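Dear colleague,

Please find below the structure that I am handing over to you. My notes on its charged residues and on one helix follow it.

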Amino acid sequence: MKALILAAGMGTRLAPLTDNCPKALVKVNGESIILKQIQNLYDNDVRDITVIAGYKAELLQETVFNKYPEINIISSVDYAVTNNMYSAYLARKIIGDEEFLMMNADVFCDASVVSGLLDFDAPNAIVTEIGNYIDESMKVIQRDGRIVRIAKTITKEEAFGVSIDIYKFSREGARVFFGKCAEYIEEKKELKLWSEVALNDILSEVVFKACPLVGRWIEIDNHDDLSDAEKLFAK
């Protein structure tokens, strides 16, 4: 199993903390988001990890290599004019048609979240906080035991739950997903889309299921989120 961490974002809403470091290096109770994610993966014996860096890539690389020199880091020089679908696209040849986990580098969570996803009996899955609704987050609709839509615009009445932006892909899922990313980027020249746009497009072709959340999580976009994270993960 491989893993892909999308960490090119600037995190402007976390300024001034992100004036001199990427969003992925913002710390929760002294531990940076991305190092926590990598440790979560290592705790679950997932060690073939690729990180897509962008803003302040040199600093992210220095920080990660200091603890995990074996991690593969790709720098997206176009981070300022692209979005995370483009980041995923950059990893298509490294991941190949292999099973992998994908996550955004602004999610702070327990290692049990990864364990739950790996143990979940479905080759393609989205970790979902079932029954919750967060306006700014990706939501999912599930029908007949499979996810049929993922988007931020899903209403509270439609939503099965909130995606926590951690995904599991089978070999087939990887092939179809990266093919759809390439279609948007190479053919349509759409560089500023969320990876979930490509994921949403393949849901009719590849069966994805909602993996119930096991543990704590929070997406950190702004200072209120960071404050909530430090309370949620207080030791």
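With which residue does Lys 23 form a salt bridge? The partner is Asp 106, and the closest N and O atoms of the two are 3.1 Å apart. A salt bridge here is a side-chain nitrogen of Lys or Arg within 4 Å of a carboxyl oxygen of Asp or Glu. Lys 23 lies in the loop between β1 (2-7) and β2 (27-28) and Asp 106 in the loop between β6 and β7, so this pair ties together parts that are 83 residues apart in sequence. Both residues are buried, that is, under 20% relative accessible area, where exposed means over 50% and partly exposed in between (1.4 Å probe, protein chains only).

Before going further, please note that this is a predicted model, in which local features need pLDDT of at least 70 and side-chain atom pairs count only at pLDDT 80 or more, while totals for chains, interfaces and linings use all residues. Residues are numbered from 1 along each chain as its sequence is written, and side-chain values use heavy atoms, with hydrogens and water left out.

The whole structure contains eight salt bridges. Another of them joins Asp 110 to Arg 216, with the closest N and O atoms 2.8 Å apart. This pair also links distant parts of the chain: Asp 110 is in the loop between β7 and α5, and Arg 216 is in the loop between β12 and β13, 106 residues away. Asp 110 counts as buried at 13% relative accessibility, whereas Arg 216 is partly exposed at 34%.

Lys 188 and Glu 183 form a further salt bridge, their closest N and O atoms being 3.6 Å apart. Both are partly exposed, Lys 188 at 44% and Glu 183 at 25%.

Glu 219 belongs to strand β13 (residues 217-219); helices (H or I, at least four residues) and strands (E, at least two) are DSSP runs, numbered from the N terminus. Glu 219 is buried but has no salt bridge, and the nearest side chain of opposite charge, Lys 23, is 5.5 Å away. Lys and Arg count as positive and Asp and Glu as negative, with His and the chain ends not counted. Beyond its neighbours within four places in sequence, Glu 219 has contacts (heavy atoms within 4.5 Å) that include Asp 106 and Asp 165.

Finally, helix α5 (residues 111-119) has the buried residues Ala 111, Val 113, Val 114, Gly 116 and Leu 117. These pack against several elements, among them α1 (33-43), β8 (125-130) and β11 (161-169).
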